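Please read each point with the structure open beside it.

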Amino acid sequence: MSKKSENKEAVFHSMYERLNKKQKEAVDTIEGPVMVIAGPGTGKTTILTLRIANILRKTDTPPSGILAITFTDAGVKAMRMKLREVIGARADEVRIHTFHSFANSIINEYQDHFVHLSGTRMMTDVDAEDMIRKILNDDMKRFQLLRPLGNPDFYVYPIKEAISDAKNDAITHAMVRVYAKEQIEKIKADKENIATRGVNKGELKADALKMIEKCEKTLIFADVYEQYEKRKDEEKLTDYDDLILQLLHAFRNDELLLRIIQENFLYILVDEHQDTNDSQNLLISML
């Protein structure tokens, strides 16, 4: 063992000995699923870093065969710096990403599996809001409920955020439409929503009508969402949330690509896993 390797081994043992019994158990459990439940500032990143180092110490896994995912670019930087302290330059070979940067890296590395994305341009938030504004303005009668008098742009930003939320939960515009229609039927069929006295006896209560109005807005939102996706395709544009969805779509329909990625990454570690949304969690499950 070289002097440099001995030094890194000493760093590992120094950090390892400061762990408590359960933390050591997490670091030592190389094979199989491991979940660490802990509060803020209790050393989760240190455990994750030492576990990566331990995998490299105890197996013949190359650094590039380990995928570590965290939620922010700052988290990626912090994890890589801490890992450098323990394993040195090999830390730069470990794949440490945010979910979106991981998706982007796979799309760029395997461009022959994403030919349909060739020549696309990434949209900014301003681009997305401008597109939604144009959609609403191009058919003012159809989207009247989403263009209130005096402030026709009132729903532009909320629509952008709602589309982003839908994508994060892997929900398509068709799924939104089906859900809204089902909710309207449930409201109408619920006997509790029928007035039994007063001038509106036998008719839907005002609260029920208000819920139906909300569902009708959701149906209109589904139309905007559909138009948004259609125009993006026509104009060769993609947004930030598309990265994960494009990768999920590829994994579902391109078995070879999925197998390549699965075989590349022998160990997968996710920081702050409780914060994953449906599409992120599905991505991890598929890997």
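1. Asp130 is partly exposed, at a relative accessible area of 33%. Arg133 also counts as partly exposed, at 23% relative accessibility. On this scale, buried means under 20% relative accessible area, exposed means over 50%, and partly exposed lies in between, with a 1.4 Å probe and protein chains only. Arg133 and Asp130 form a salt bridge in which the closest N and O atoms are 2.9 Å apart. A salt bridge here is a side-chain nitrogen of Lys or Arg within 4 Å of a carboxyl oxygen of Asp or Glu. The two residues are three apart in helix H6 (residues 125-138), so about one helical turn separates them.

2. A word on the basis of these points. This is a predicted model, in which local features need pLDDT of at least 70 and side-chain atom pairs count only at pLDDT 80 or more, while totals for chains, interfaces and linings use all residues. Residues are numbered from 1 along each chain as its sequence is written, and side-chain values use heavy atoms, with hydrogens and water left out. Helices (H or I, at least four residues) and strands (E, at least two) are DSSP runs, numbered from the N terminus.

3. The structure holds 20 salt bridges. One of them joins the side chains of Lys167 and Asp239, at 2.8 Å from N to O. Lys167 lies in helix H7, whereas Asp239 is in the loop between strand S4 (237-238) and H10, so this pair ties together parts that are 72 residues apart in sequence. Lys167 is buried, with a relative accessible area of 1%, and Asp239 is buried at 7%.

4. Which other residue meets Lys167 in a salt bridge at 2.7 Å? The partner is Asp242. Asp242 lies in helix H10 and Lys167 in helix H7, so the pair ties together parts that are 75 residues apart in sequence. Both Asp242 and Lys167 are buried. Lys167, Glu229, Lys232, Asp239 and Asp242 are linked in a network of salt bridges.

5. In soluble globular proteins, nonpolar side chains tend to be buried together. In this model, the largest nonpolar core has 26 residues, and those with the most contacts inside it are Ile52, Ile66 and Ile87. A nonpolar core is a set of buried Ala, Val, Leu, Ile, Met, Phe, Trp, Tyr and Cys residues joined through side-chain atoms within 4.5 Å. Helix H1 (3-17), helix H2 (21-28), helix H3 (44-58), S1, helix H4 (73-87) and S5 each give two or more residues to this core. H3 supplies the largest share, seven residues. A second, separate core has 24 residues, including Ile106, Leu117, Leu257 and Leu283.

6. Leaving aside residues up to four places away in sequence, Ile66 touches Ile52, Ile55, Leu56, Thr61, Val94, Arg95, Phe265, Tyr267 and Leu269. Contact means heavy atoms within 4.5 Å. S1 and S5 pair in the parallel sense over four bridges; strands pair if DSSP finds at least two bridges between them. Ala68 stands opposite Leu269 in S5.

7. Which residues of helix H12 (residues 278-286) are buried? They are Ser279, Gln280, Leu283, Ile284 and Met286. These residues cover an arc of only 165° around the axis, which puts them on the same side of H12. The arc is that of the directions from the helix axis to the C-beta atoms. The buried residues of H12 pack against strand S1 (66-69), helix H5 (99-109), helix H7 (156-168), helix H10 (242-253), helix H11 (255-264) and strand S5 (267-270).

8. Ile187 lies in helix H8 (residues 173-189). Ile187 is buried, with a relative accessible area of 9%. Its contacts, not counting residues up to four places away in sequence, are Asn193, Leu204, Ala208, Met211, Ile212 and Cys215.
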